[in-house]
Amino acid sequence: MNKEQQTIREREIEFLQQLHQSAQMGRDTLEHVNNNIGAGTMRDAVERDIFDYSGICMQIKRKLDERDADVKSVGKIPSFMAGMMIDMKINDETPESEVAKMIIDGTTKGITECTSKLADFYDVDDDVKNIGYKFLWIQQKNVDDMKPFLHN
């Protein structure tokens, strides 16, 4: 492997690791929300989104495995802080519209980050870049899944 190929490989790994951290944080946050809301259609939607985030995490991990690279998990402090914020803001009494707004706000930040990463890592292999686009699609679907709850 020449120096240029090595540089591209390292950038692919960095891109995949950053995507995985974002997807993991999204999944973990949704799981925390799911634990704080009651049964119903919103919970069903959140669980579907958790499934999608888990799937993209697995795809990213496979790509990292192919490159003999490790997954870098989200730090314990950011994860703890996100969970604590959810516990303070969401419970069985929180209106679905408020929960939906919080999910949409957080996911919109994720969409912005993912779009920025795709621009920053424009030179990675299309196969790797397509995972970023798929993650972007999943995040947009998450926002779309929450929109019906804004009017409750």
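Buried, as used on this tour, means a relative accessible area under 20%, exposed means over 50%, and partly exposed is in between, with a 1.4 Å probe and protein chains only. What you have open is a predicted model, in which local features need pLDDT of at least 70 and side-chain atom pairs count only at pLDDT 80 or more, while totals for chains, interfaces and linings use all residues. Residues are numbered from 1 along each chain as its sequence is written, and side-chain values use heavy atoms, with hydrogens and water left out.

**First stop: the aromatic pairs**

Start by selecting phenylalanine 135, which at 1% relative accessibility counts as buried. A search of the whole structure finds two aromatic pairs, where rings of Phe, Tyr and Trp (its six-membered ring) pair if their centres lie within 6.5 Å, and planes under 30 degrees apart count as stacked, over 60 as edge-to-face and the rest as tilted. Now select phenylalanine 15 and phenylalanine 121, whose ring centres are 5.3 Å apart with planes at 45°, so this pair is tilted. Phenylalanine 15 sits in helix H1 and phenylalanine 121 in the loop between helix H4 (96–120) and helix H5 (126–146), so that distant parts of the chain, 106 residues apart, are linked; helices here are DSSP runs (H or I, at least four residues), numbered from the N terminus. Phenylalanine 15 is buried with a relative accessible area of 0%, and phenylalanine 121 counts as buried at 4%. Going back to tyrosine 53 and phenylalanine 135, you will find an edge-to-face aromatic pair, 5.9 Å centre to centre with 90° between the planes. Tyrosine 53 lies in helix H2 and phenylalanine 135 in helix H5, so this pair ties together parts that are 82 residues apart in sequence.

**Second stop: two helix pairs**

Next, show H2 and H5, which pack at an angle of about 175° with their axes 10 Å apart; axes are lines fitted to C-alpha atoms, for helices over the stretch in contact, and angles run from 0 to 180 degrees between N-to-C directions. H2 is therefore roughly antiparallel to H5, a label given to angles over 145 degrees, whereas those under 35 count as roughly parallel, 65 to 115 as roughly perpendicular and the rest as oblique. Residues making the contact (heavy atoms within 4.5 Å) include Met42, Val46 and Tyr53 of H2 and Ile131, Phe135 and Met146 of H5.

Then switch to H1 and H4, which pack at an angle of about 175° with their axes 11 Å apart, and which are therefore roughly antiparallel to each other. Among the residues that meet here are Phe15, Leu19 and Val33 in H1 and Val99, Ile103 and Leu118 in H4.

Not counting residues up to four places away in sequence, methionine 42 touches Ile37, Glu96, Val99, Ala100, Met146 and Phe149.

Move to glutamate 12 in helix H1 (residues 3–36), which counts as buried at 8% relative accessibility. A polar atom of the glutamate 12 side chain lies 3.1 Å from the backbone nitrogen of aspartate 125. Leaving out residues up to four places away in sequence, glutamate 12 touches Arg67, Val124, Asp125 and Val128.

Arginine 43, in helix H2 (residues 41–66), is partly exposed, with a relative accessible area of 22%. Apart from neighbours within four places in sequence, arginine 43 is in contact with Asn34, Ile37 and Gly38. The C-alpha atoms of arginine 43 and glutamate 96 are separated by 9.8 Å, although the two residues are 53 apart along the chain.

Finish at aspartate 68, in the loop between H2 and helix H3 (76–89), which is exposed, with a relative accessible area of 73%. Aspartate 68 has a positive phi of about 50° although it is not a glycine.

Definitions and conventions
A polar contact is a pair of N or O atoms within 3.5 Å; within protein, one must be able to donate a hydrogen and the other to accept it, and residues adjacent in sequence count only if both atoms are side-chain atoms.
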